[in-house]
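Please keep the sequence and the 3D view open while reading.

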Amino acid sequence: MHMMNTTANLCIVALMLASFTTLMAQQEEQGQANSPEYQKWLQVMSCVACRTAFDINNPQSWPGDFVANSDAHCREIGKGVYKDRCHVVARAIANLSGKKKKPKDICQAIRACESKQVKAGQEAKLLSRPCKLGSCTIGHHVSNVVVEGSLPSQEVPKPGTKNGVQKIPRVVHFIFGLEKDFGGKPFSLIHYLALRSAHDRLPGYDIAVYYRYKPTTKAWKELVKLPRIRLIKVDPVTKVGKFQVQHVAHIADILRLQLLRDIGGIYMDSDVVTVKDFEPLLKHSFVMGQEGDAGVYGLCNAVMLSQSKSPFVLAWIRLYEEAYHPQIWSMHSVKLPSMLAANRPQDITVLGGGAFFKPLWDQLEYLFRGTGETWEENYAVHLWES
């Protein structure tokens with residue numbers, strides 16, 4: 001069992017690194033891979049990998065001959081800077097779990113990496129602390145970023161579901177219009193149909209739409225006529241640690257986690273079409289779907305379900321500052337939850353790629369010509385607009 005855990009942990013680290021192959025090759029060409037800032041980021045990610053891969057309260061889960069095993073694994077996954085980074089991460093983890101260190105020291109070393117914004121057990125204190133618009137962090141309650149409108153209730157409206165005790169409230173969250181020019185993609189018929197499908201396929205659910213800049217298109221005007229659409233204007237968090245968050249997608253990544261932590265419910269991107277009722281999934285604490293076969297790309301945050309203050313979303317936010325780097329597109333949003341899920345399977349229900357993300361972004365032609373499949377397991381279809 002110990003060897004199996006060690007192998008699984010190595011695979012987690014390798015999966016994390018595998019996503020960076022193209023990016024790191026580009027940075028190597030540009031001379032950025034050896035920059036002090038990027039090296040610092042690698043050290044931080046080594047810490048995150050260590051803390052999420054091993055149970056600090058269970059010394060038996062710490063690997064024995066970690067470096068030897070990881071070296072063998074690294075030799076199989078590539079060359080150049082990509083291969084070198086594998087060794088860097090492996091040795092950083094080994095340094096934290098070396099035999100020369102006492103268990104107490106190992107625990108302290110791992111805990112020392114905890115986020116300065118949100119620490120374990122301190123969520124309630126930070127959530128109750130008010131902040132001024134524009135200066136809030138991911139640790140503050142989402143109500144602090146609301147400019148206009150009222151948040152949905154986080155209360156579960158009914159005591160149960162057909163398939164078990166309901167934990168997740170019947171609330172759907174969409175985010176749109178965080179940029180003044182809408183990223184060159186105004187609210188269109190596609191967005192209307194995506195939100196309309198949630199409205200029609202999820203009867204009785206509260207549909208909340210969060211925006212910073214209100215669209216004025218015909219599709220938007222038709223959307224707001226629907227009876228269960230709730231509009232909420234926000235001034236979202238735009239800073240993570242020392243980094244100013246520039247990309248609108250990364251700003252939305254923060255807001256969606258705040259919503260799931262503080263209210264709970266279902267988050268969906270505005271290009272996700274709902275196919276059938278999510279009711280069977282509401283009995284779980286936290287739900288995500290794999291991106292790609294066996295989750296080769298990680299767990300995609302375009303569709304997520306959570307009860308308010310679920311253990312998984314709290315852990316995710318606790319690690320957010322360490323995982324985020326503006327040069328890395330999806331470490332904080334796709335790879336980090338995948339790493340957490342491997343270490344905390346009791347806190348998350350992971351569905352196969354067919355639940356939300358079939359077809360994948362490189363298979364969109366299937367929507368036009370079909371494949372002969374019925375796709376009966378799909379709860380939703382992501383159109384991969386970006």
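How many salt bridges does the structure hold? The structure holds 11 salt bridges. Several are described below, after the fold itself.

## Overview

This is a predicted model. The chain has 14 helices and 12 strands. It has 386 residues, and 53% of them count as buried. The accessible surface comes to about 17700 Å². Carbon and sulfur atoms own 53% of that surface.

Take the contacts in the chain with a separation of 6 or more: 73% of them join residues 24 or more positions apart.

As a general point, strands of a sheet pair through backbone hydrogen bonds, in either the parallel or the antiparallel sense.

Strand 7 (residues 265-268) pairs with strand 10 (residues 299-306) in the antiparallel sense, over four bridges. Here Tyr 267 has Met 304 of strand 10 as its bridge partner. Strand 10 also pairs with strand 9, again antiparallel, over five bridges. Strand 9 and strand 11 pair in the parallel sense, over three bridges. In that pairing, Val 287 has Thr 349 of strand 11 as its bridge partner. Strand 9 is mostly covered, with four of its five residues buried.

Is helix 11 mostly covered or mostly uncovered? Helix 11 is mostly covered: seven of its eight residues are buried. These are Phe 312, Val 313, Leu 314, Ala 315, Trp 316, Ile 317 and Arg 318.

## Two residues in context

Val 350 sits in strand 11. Val 350 counts as partly exposed because its relative accessibility is 37%. Beyond its neighbours within four places in sequence, Val 350 is in contact with Met 288, Gln 290, Leu 299 and Ala 341. Ser 338 is 12 residues from Val 350 in sequence, and their C-alpha atoms are 9.3 Å apart.

Ser 270 lies in the loop between strand 7 and strand 8 (272-274). Is Ser 270 buried or exposed? Ser 270 counts as buried because its relative accessibility is 11%. Leaving aside neighbours within four places in sequence, its contacts are Phe 174, Ile 175, Phe 176, His 191, Ala 194 and Leu 195.

## Surface patch

Val 296, Tyr 297 and Trp 361 form a nonpolar surface patch. Together they have about 270 Å² of accessible area. Tyr 297 is placed in the loop between strand 9 and strand 10. At 32% relative accessibility, Tyr 297 counts as partly exposed.

## Salt bridges

Asp 200 pairs with Arg 196, and their closest N and O atoms are 2.8 Å apart. The two are four residues apart in helix 8, so about one helical turn separates them. Asp 200 is partly exposed, at 44% relative accessible area. Arg 196 is also partly exposed, at 30%.

Arg 230 forms a salt bridge with Asp 206, with closest N and O atoms 2.8 Å apart. Arg 230 lies in strand 4 (residues 229-234) and Asp 206 in strand 3, so the pair ties together parts 24 residues apart in sequence. Arg 230 is partly exposed, at 24% relative accessible area, whereas Asp 206 is buried, at 18%.

Glu 365 and Arg 369 meet through their side chains at 3.8 Å, N to O. Glu 365 is partly exposed, at 34% relative accessible area; Arg 369 is exposed, at 58%. Salt bridges also link Lys 218, Glu 222 and Lys 225 in a network.

How values were computed
Residues are numbered from 1 along each chain as its sequence is written. This is a predicted model: local features need pLDDT of at least 70, side-chain atom pairs count only at pLDDT 80 or more; totals for chains, interfaces and linings use all residues. Side-chain values use heavy atoms; hydrogens and water are left out. Two strands pair if DSSP finds at least two bridges between them. Buried means under 20% relative accessible area, exposed over 50%, partly exposed in between (1.4 Å probe, protein chains only). Contact means heavy atoms within 4.5 Å. Accessible areas come from the Shrake-Rupley method with a 1.4 Å probe; for residues, only the protein chains shown count as cover. Patches are made of residues with over 30% relative accessible area and no salt bridge: like charges are joined within 9 Å, nonpolar side chains (Val, Leu, Ile, Met, Phe, Trp, Tyr) within 5 Å. A salt bridge is a side-chain nitrogen of Lys or Arg within 4 Å of a carboxyl oxygen of Asp or Glu.
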